[in-house]
Number of protein chains: 2
Amino acid sequence: MKVALYLIPVTLGDSPIDLVIPSHNRYVIQNIRHFIVENERSARRFIKKIDPAIEIDDLQFYILNKHTSPEVLAAFLSPIFKGEPVGLLSEAGCPAIADPGADIVAIGQKMNVQIVPLVGPSSILLSLMASGFNGQNFAFRGYLPIEAEQRIKTLKKIEQSIYNQDQTQIFIETPYRNSKLVDDILKNCRPTTKLCLAADITCDNEFIKTLTIQEWSKKVPKLEKRPCIFLLYK
Amino acid sequence: MKVALYLIPVTLGDSPIDLVIPSHNRYVIQNIRHFIVENERSARRFIKKIDPAIEIDDLQFYILNKHTSPEVLAAFLSPIFKGEPVGLLSEAGCPAIADPGADIVAIGQKMNVQIVPLVGPSSILLSLMASGFNGQNFAFRGYLPIEAEQRIKTLKKIEQSIYNQDQTQIFIETPYRNSKLVDDILKNCRPTTKLCLAADITCDNEFIKTLTIQEWSKKVPKLEKRPCIFLLYK
């Protein structure tokens, strides 16, 4: 196996490994002893799920968060220079997409480390595929501002990009604020604009539905506490 | 298995199935007899690769391209209303992302068909993960204009979005025009802007490298005829 920084996707929610993770990823994980992780507990749980035979206590975990300094991040990659591969796991989905992993990848690129991204579930990509929206031009905006006035301004601005640029708009929210966000969308976007709500992607109760704002207004969905992706298009 | 429209990702280039496709996808494909495809020959080859035991001649293929009318597309989904699942395959990567599949998904959403996106390789997502660029705010722009003046104008405009909006910019090109595009980027973007070149993703000769425009200018890469993703960020 190449001595590289492997970007290892993690299951979303409780979905089984074989549903969303190629078997090659298991082989890669079995051959790595150094893992950079957001949360050690969930990383241990995922690795155990991948292969219960792996001796978790023999592995080295390096904790990554927004506050980890660039110097510490660079040190996390040092096993590579001694000939040992390193894995990067996020808490859910694909590392470095909508999570803090991108910083360590950027440092790896600067240090001329080989970066190997592995295939796995991305709720952003899966929801875009299933939305029926433009997949040739799209923007992922992360979280919208929390403050009411700013939030509505941003919402209206990104709605403009649908019509001006023919661009699908994708964003996320902390699950406990989902209802508030749906409310803001239904109140502030054009009745004919389409909204795709995608919740619990790859899980048993997966829900992905596209309707116009007008149609959603007649049956406001309950998404409280469900991880959800929001997509807007014309 | 649910009676639904399954969105089935395909390998990129010659990469082995187990490297990039979860084993669940094999099970789904084994249980589908109706496939909407861009290219029948490559779809048959992929299905044979997934499971050589599948009787390809018993399967029904429906050909999808830019010119297929909405009425014909809607008819492609009719097996679902008779209780039979339908699969959508693109030529490479994830259906409905940077290819014509999105139209049929939109029709499916309108007809209230359940849409189930499956996990698989997306060169856009994999290159973004490995670029080290902002994964919390990014835009995929598809192809840039071909005409020289328009193309440079677009390039400068999207470069602005990196600095104004802190947004990673992603785009593609027809492989035989890759060198021309690299040339345009190196000539027209700021020396400090970073360019990630990602070629032959998931294949043996995978190449993913981030450098500044200034650095690339000293060693212009040869990407002729290699499928490539271009990413810009600060």
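**Entry 1: the shared surface.** I began with the surface through which the copies meet: 98% of the interface residues of chain A are also interface residues in chain B, so the copies meet through the same surface. I note that the model is predicted, that local features need pLDDT of at least 70, that side-chain atom pairs count only at pLDDT 80 or more, and that totals for chains, interfaces and linings use all residues. Residues are numbered from 1 along each chain as its sequence is written, chains are lettered from A and ligands numbered from 1 in the order in which they are written, and side-chain values use heavy atoms, with hydrogens and water left out.

**Entry 2: symmetry.** I looked up how chain A is superposed on chain B, and found a rotation of 180° with 0.0 Å of shift along its axis, at RMSD 0.0 Å. The two copies are therefore related as by a two-fold rotation axis. The superposition is by least squares on the C-alpha atoms of residues with pLDDT of at least 70 in both copies.

**Entry 3: extent of the interface.** I recorded 56 residues of chain A in contact with 56 residues of chain B, contact being heavy atoms within 4.5 Å. The two chains bury about 4,300 Å² between them, and 57% of this is on carbon and sulfur atoms. Buried area is the accessible area (1.4 Å probe) that two parts lose on being put together, summed over both. A:Gln109, A:Val119 and A:Met129 supply 16% of the area that chain A buries against chain B, more than any other three residues.

**Entry 4: polar and charged pairs.** Between chain A and chain B I found 18 residue pairs in polar contact, both residues at pLDDT 80 or more. A polar contact is a pair of N or O atoms within 3.5 Å; within protein, one must be able to donate a hydrogen and the other to accept it, and residues adjacent in sequence count only if both atoms are side-chain atoms. A salt bridge is a side-chain nitrogen of Lys or Arg within 4 Å of a carboxyl oxygen of Asp or Glu. I looked up A:Asp184, which forms one with A:Lys180, the closest N and O atoms being 2.8 Å apart. Both residues lie in helix α9 (residues 178-188) of chain A, 4 residues apart, about one turn of the helix. Helices (H or I, at least four residues) and strands (E, at least two) are DSSP runs, numbered from the N terminus.

Entry 5: A:Ala139 stands opposite B:Ala139 in β6(B).

Methods
Pairing = 2+ DSSP bridges.
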